[in-house]
Structure formats: C-alpha cells, structure tokens
Amino acid sequence: MAPPALGIPLRMVSVVKRFGDLTAVDGVSLDVAEGACLGLLGPNGAGKSTLIRSIAGRVLPDSGSVRVFGQPAGSAAARAELGWVPQELALYPLLTCRENLEAFGRYQGLHGKALRDGIAWCLEWAALADRSGATVKTLSGGMRRRLNMAAGLVHRPRIVLLDEPTVGVDPQSRNRIFDMVAELRGHGATIIYTTHYMEEAERLCDTIAIIDHGRVIAQGAKEELVEQSFGRRSDVLMRFAASVADPAAWAAAHGGSMQEGSEGVAHFAVSQPTDIAGLLDAAGRDGLEVIDVVLRRPNLESVFLQLTGRDLRQ
Amino acid sequence: MIAMIAAIIQNGFRSLRRDRGALILSFVLPVAFFSIFGMIFGGVGGDKTPRVSVLLVDDDRSTVSERLVQALLQEPSLDASIHPKAKKGEPVPPDYTAAAAETAVKQGDAPAALIIPKGFGAHPLAFGPSGQRTPIQLLHDSSDPVAAQMVGGMLQKVVMTSMPDTMEKMGMQYFEKYSGGLTPEQRKNIDAAMSRQPAAPAQTGSGGGGELIALNVRDVVGEKKQNSMISFYAAGIGVMFLLFTASAAGGSLLDEAESGALDRILSSRVNMTMLLAGKMGYSALLASAQLTLMFLWGAAVFRLDLFTHIPGFIVMTAATSFAVAAFGMLLASVSHTRAQAGAIATLIILTMSAIGGSMFPRYFMPESMQKVGLITINAWAIDGYTKVFWRDEPLLHLAPQVGVLMGAGIVLFLIARRFARRWEFS
C-alpha cells in the first residue's frame, strides 16, 4: 500500500458537473475528517452517485476540485487510498467469491501475502468464508451485495465509498451490511455512504449531507439538522378529503404547505403537540374534512420535507 | 382471437424496428451476401469470367512453338505471360526460363506453367496414342486443381483453332506414311487447299477433340503432400471462427461496462490501456489455442503435416491471433451494446470470410475480387499458412503476411483505444 498521503481524507470545493442541460452536481463543497462517516442523503436522481463517482475519479467535474488525502481524485495515489463500492453488482458472475476478490485485489496491485491476507479478511468480514468457492451466480442477493462490498475493500483502503449498498436486499441482509459498516468504522476507515433511506443515514453516519438537485441543502449531525429545521417543533401531517377544493391555500394560511406528490396532504410544524387541536378546530370552522392526522417527532425525512417540500422517497 | 394474434405480430414488428442489430441481420446481411457472392461468381454485369494465370516458356523457339505461344497469349480465358510483370519505370524483365517458371509456380505467382521443350516444332502433334510427338510440360500447383485442368484443355483448344495448317500437314504425313505416297496431281491439289488455310491464330470456335499435343503434367507444389487442401481449410475455417471468438471476447468489455465492473476496474490502479491490453492478450491466447487445436486435429485426423512446420505455424499463429484479437477489441469499442456488437460482427466477419478466402479459395475469384480480398485478415492469414504448409517456404518469406497482420493488429488496437476513451470518464 502507498504511504499515507498528507491532508484530510476528502475535500471537495465548489464541484460542478453537468450532463448536457442537467446540472447533476451544483457547487458542492464538503470536508470529511479521518474516521468520520458522512452520509449523503437524498432522493433518487439528487446527484449522490455522481458525487461519489467524482470522488472515485470516474467523473471529471466541469469546475471545482476533489482531493483525496491532498491528491487529485483519479490520480494513482488517490485511487490507492479509495475503495469504491458501486451501486451495481460490479462482479465477475462466473468467478467464485475468492476469484473475484483475487481479481480486484490484483487490480489494486496486491500480490503474495498481502493479497492472501486481504482476501481472507474480506471473506471473514463479508461472512462469505464458507462460500469462498461458490460462483457469484449461485449466491443469494444479500451475499452478492456483501461480496460487492468486499471486492472494493481487498486492498484495505482508508476511504470507503459505499453507494447505496443496501439496494434490493432483504431486512436480514441489510442488518448484516450495517454490521459490516460498523466494523469498518471500528477499524478507523473513513466512510462516505449514500442512501435514500433516512434510517440508514441516522443509524450509520455521524455527519449527514442532505442533497437535492445536485446541491447540499443542509449538513451536520442528525440532531443539528433537526434543530436547524424545526427547533423544538414537531411535524404534523394532515390529510384532507378529496372533496376539499383548495387545501393548499388553507394550509398556507395556517403556516403549512402541501406535500409534493402526496395528494391532499399538508404538513405543519407545531411547537406543542396540543397545537394540533387548534389546526383541527380551524379546519372544522372552514368546512374542510380532515381524514387523517399524524404527529411526528422530526427526523431526517421531516428535515428533507421541510427543506424541499418533497418526500425523500419520491 | 385474430385481433390478439395481430397484436402479437404488431409487437414483433415494433420491437424489430427498434432493434438495429436484428434489422441489419434481417435485411442488410442477406443483401450484402447476395451481392458479394454475385460479384465473386457472376461478376458485376455477368461478363467477367475468371481467367487462369499461366506462365509460358518457349525453349523450342521454332515457328510452330512461337505461333502456339502467340495463340495462348491471345486466348481470352487464359492470363498467359512469358515474363514477370514489369514494375513502373523499370525495363521489361527477361522471359521466364523453365527453372524460373517452376520457382514462380512454387511461390504461388501463378497456378500453372507451360514449358515448350526443344524439338517440339519438329513433332508438335500426333493423332492417336502411338504417334511420335514431343510433350509439353505442364507444371502446376495442386492447391488449385481447376487451373491445371483448364490450362490443359485450353492448350488442346488453342492448337485446334490456331494451327489448322499444322494439323493438316501432320495429317498428310500420316496419310503418306500409311498409304504409300501421293501422286503428283494429288500433291498439287492438297498443297493448293492447304495454302487457303489461315496461318494466324483463330479466336473463335469450340475446342475439344483428341489429345493432339502430348502433355507431361507435373505437380511442383504439394507433390509429396499427403492431404493437399487440409492446411487451407484449417486456416480458412480457423480464422473465420477466430474472428467470431475474438468479437465475443471483446464483447466482455460491453458486459463489464453494463454491469459497472468496468467502472470499478478503472477506479483501481488499472487504466484503460492496461485493460484493453489485458483483454486483447486473453483474446489472442484464446485464438492461438483454437488454431493449435484446429491444426492438431488436422494432423491427427487428416494427416496434416504439422510437426515438420512448427516454426512457421507458431509465427503465423501468433501474427494471426494478434490481428484477430485487435479486431475483437475494435468491434467492442465501437459498439454500444452486445446486440449491436453481435450484428456488426456477423456482418463484417461473414463478409471478410467470403472475400478473404475462408469459404472458398480466392483463386476461384475474379482478379479484382482477389485484390479486394487483401483488405481482410483472412486473406493474409491463409496466404501465410499456405506458404508454410503448402509451399514449404522459409520463415523469411512470411514477412509480408506477418508484417501486414501485425501492422493491422497495432492499427486496430490504436483505433480501439481511441474509441474506448468514452468509457474512461464521464
């Protein structure tokens, strides 16, 4: 492995990337400290993968800079420090688990004992030691996901880029992946984790950057983000009957807004849970039929909703 | 029910319309192949009968032999020559000697040579097997079995149509010999009739008839070969399938691009040039293994003389595999999907194989098509293997074939590398 480079693990300064008319990343600046786990949280198409790919050196920004331990992203030194786990199952389907790990280890310049040790560690870490001789196509979906992660880490990189590693896996496998990420953190790796699942970001990451339309619209620890958006207020979701003519105007008049993509649902931030009663009274007076009310403790999803007016899963 | 069936039919055509690969295979390929075979066998316009090349050597230098040579030179179905073609700006080379003509046939410059020996003019023809005549030597390369037959037949025809006076004279000699002589009056009448016969070679009229001119036919290439054409087919068929294998091996790039593995590989310490070189190395080794298997099978089952030609086989196999592997890389790098690569590969490989001699020998084709064939990997590979296994030529003589194949491989790889830039970054 190359000697440790100088500088913080990741520094992105005003990164812009356009694909034709679409601005996928729009002036993103981020610093990630050693050993930290940064969650990039945003809906599909927010620009998370483009951001990750620019760190991996696979996307060249139109402007701005990305540095890995002080080295330009994509340089040999930066690539040696990075382990990228793409969203796709980027494996050789006809090779076994061990052969896949061997291939990707050798692509990182490993050989001899370092390669053997890397493979052994990865098989243990991904709980695939007993399936090391099985070809990828015979593995379950969860095993393939774990092998996909392991293939990016054979060379034991100091920065790990995990791009939606739990897409399409069952809850049990997801928990196993969470344990793997926690173990990585225990070894001191710096992790950048993209997801559109709020629970994952809350559980795994100590810092979260909320991304929408290619921009970081909020950044900090979960509690900080909630505090910034809601203070001590709570989130109320109110669903109106389909017969209600113009709920948007009414919601706006009472300090709320309609939730994009959810027909007839308005959300409000309230200081006290008892404020719900006031909203229900007002709706009743104005002749609006309310069919459902939910009081939520604000979470990252609420923050996203508050900041963008849209649901994280849209 | 009919509406449902109609919907299925409609869906089929809608899908076909959006699948360019299938469209090409369905419509472009058949028309392209029809055109290629039409050009090879029918000629554009249908008037280009392939001519057989033959070298002429006149060791007799008699009036009769010179007339025969002139007649052969003017025979439309033969491409006869008495000396090598002159290069631009250089004087006409000397006429072929018997030895030079034999060497030229051995080297594949022409499939046959006719040597008119000294004394031919004194006894050019004979009627019947017992007649006294001086045989003409027909040297030929048995890898082209048609050429010798055709040259032999055309020689008899040319004699019939170009030397009727000689035939008459010889006939009268026979008559006089076996009838006890002519009266002076008979002699006068016959001389008068013979003087009316044309002395110049005739250009029309059907040939045939008996064996007027004795022919001494000799294989100068492949006379000791146990199984004459097997090396040609091993090379021809082998190269065609190699091209398919190489295109499939190159297509793994497209699979990896689609699965994301390519991105992952390029985010490691492997760069695009290394990746392409690795893929090409694999493809070339696979191609070498395939060719080796083909020739080993040929040796085991068809008595192909592989083991006395190992150095030439290795050189040709290495050069052919290199060129073929580079072709596969280029194909993958210009294609956007596996389906597209498959369609393009089928079109190009079958076309190259047809005009390059993998399906049938190029010497069956018109000269213009033979020249067009030289743009294919198949033609150069087959020529090289033929030199090794058929003509027993030394390694140095493989320089043109090896040079072209290696050069083509390098150029194709460089072009592939240029196209592969689209995968490097986005």
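This is a predicted model: local features need pLDDT of at least 70, side-chain atom pairs count only at pLDDT 80 or more; totals for chains, interfaces and linings use all residues.

Reader: How is chain A divided?

Author: Into domain 1 (10–225) and domain 2 (234–297); domain bounds come from an automatic or database domain assignment. Taken over C-alpha atoms, the centres of domain 1 and domain 2 of chain A are 40 Å apart.

Reader: And which domains does chain B have?

Author: The assignment for chain B gives domain 1 (52–163 + 201–221) and domain 2 (226–424). Their centres, over C-alpha atoms, are separated by 39 Å.

Reader: How many residues are in contact between the two domains of chain B?

Author: Eight residues of domain 1 of chain B contact seven of domain 2 of chain B. Two residues are in contact if their C-beta atoms, placed from the backbone, lie within 7 Å. The domain 1 side has two nonpolar, four polar and two charged residues. Ala, Val, Leu, Ile, Met, Phe, Trp, Tyr, Cys and Pro count as nonpolar, Asp, Glu, Lys and Arg as charged, and the others, Gly among them, as polar.

Reader: What is the secondary structure of chain B?

Author: Chain B has 16 helices and five strands, which are DSSP runs numbered from the N terminus (helices H or I, at least four residues; strands E, at least two).

Reader: Switching to the interface, how many residues of each chain are in contact?

Author: 13 residues of chain B and 19 residues of chain A. On the chain B side, helix α9 (residues 261–266) gives the most, with five residues.

Reader: Now helices α3 and α4 of chain A: at what angle do they pack?

Author: Helix α3 (residues 97–107) and helix α4 (residues 112–125) of chain A pack at about 130°, with their axes 10 Å apart. Axes are lines fitted to C-alpha atoms, for helices over the stretch in contact, and angles run from 0 to 180 degrees between N-to-C directions. α3(A) and α4(A) are therefore oblique to each other (under 35 degrees is roughly parallel, over 145 roughly antiparallel, 65 to 115 roughly perpendicular, the rest oblique).

Reader: Which residues make the contact?

Author: Among them are A:Leu101 and A:Gly105 of α3(A), and A:Leu115 and A:Ile119 of α4(A). By class, that contact has six nonpolar, two polar and three charged residues.

Key:
Residues are numbered from 1 along each chain as its sequence is written. Chains are lettered from A and ligands numbered from 1 in the order in which they are written.
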